[in-house]
Amino acid sequence: MKLFVYHTPELTPSDRTADCAIAIDVLRATSTIATALHVGAEAVQAFSDLDKLMQVSEDWPAEKRLRAGERGGSKVTGCDLGNSPLDCTPELMAGKRLFITTTNGTRALQCIQACPVVLTAALINRQAIVEYVLKQQPETLWLVGSGWEGSFSLEDTVCAGAIASALMTQANCTLEDLAGNDETISAIALYRQWQNNLLELLHHASHGQRLLRLDGQEDLKYCAQTDILDIVPIQKSPGVLVSLKAL
Ligand code: 3SL
């Protein structure tokens, strides 16, 4: 297996696909997706475009849908929810489809949509993702960070490093065996430096600071936890994610 880390959708190759590609948006889209599926959402359907989300979700029974919209960290008017994973309670989500649009995370998902296997990962479901990858042994694996409007983000890269580091340890392989690009090596180094202080790293991150200004302390605390959810969000059809257990 060769693992390639790409920091943003813009840096991800568009002329080829990987056997398995994983979108990462720790703050907060992929943390929200993992949580929604964990508490019983039927599926999460992601859109980069808000108008398209409104149009497609209109055809879904109103009592079986929730619309989540975020721009610039805040909830979009007209949606039921913003993008806080803490809003994903079993009472609200069970049996519903979550239609979601966010600034960057849903774009990362869109840029890998054509890969044969598409997953989403966050720190909270890191180990479940690692176990899936170890079982499937894809020849090429991409970890795609969402970044922020085209720029690198610490939180997505540290999560990519957390996945890569666990793969190395659990597959008992070397950096040379696993790393397909330099970004992978730097992501592992970032994770190893901060693995015991992930919350502090999220506080340093520019998007962490943006969320703190919007009163997002509890979201940061939640998203900084590692391996708390045994859930693998997997693409069933373009843009539609379900729990692997429900496939
Ligand atoms: O950019 C995104 O996709 C979001 O996850 C950003 S936010 O954390 O909801 O502000």
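Reader: Where is Q137 found in this predicted model?
Author: Look at the elements on both sides of Q137. One is α5, covering 126–136. The other is β8, covering 140–145. Q137 is found in the loop between α5 and β8.

Reader: What is the phi of Q137?
Author: Most residues other than glycine have a negative phi. Q137 is not a glycine, yet its phi is positive. The value is about 50°.

Reader: Is the peptide bond from L27 to R28 cis or trans?
Author: Most peptide bonds are trans. For the bond from L27 to R28, omega is near -5°. That bond is cis.

Reader: Where is R28 found?
Author: Again, check the neighbouring elements. The strand β2 covers 20–24, and the helix α1 covers 29–38. R28 is found in the loop between β2 and α1.

Reader: How many residues surround the ligand?
Author: R28 is among the closest, along with D25, N83, T102 and G105. By class, the shell has 4 nonpolar, 7 polar and 3 charged residues. The number that surround the ligand is 14.

Reader: How much of the ligand's accessible area does the protein cover?
Author: On its own, the ligand has 290 Å² of accessible area. The space it takes is the largest cavity. The protein covers 100% of that area.

Reader: What is the radius of gyration of the protein chain?
Author: The chain has 11 helices and 10 strands. For 247 residues the globule rule gives 18 Å, and the chain's value is close to that, so it is as compact as a globular protein of that length. Its radius of gyration is 17 Å.

Note on methods: Residues numbered from 1 in each chain as written. Predicted model: local features only at pLDDT ≥ 70, side-chain atom pairs only at ≥ 80, totals over all residues. Heavy atoms only, no water. Near = heavy atom within 4 Å. Areas by Shrake-Rupley, 256 points an atom, 1.4 Å probe, with all protein chains shown as cover. 1 Å grid on protein atoms, 1.4 Å probe; cavity = no way out; pocket = protein on both sides within 12 Å on 5 of 7 lines; lining within 4 Å. Sits in = over half its atoms within 2 Å of the grid points. Nonpolar A, V, L, I, M, F, W, Y, C, P; charged D, E, K, R; others polar. Helix = DSSP H or I, 4+ residues; strand = E, 2+ residues; numbered from the N terminus. Rg over C-alpha atoms; globule rule 2.2 N^0.38 Å.
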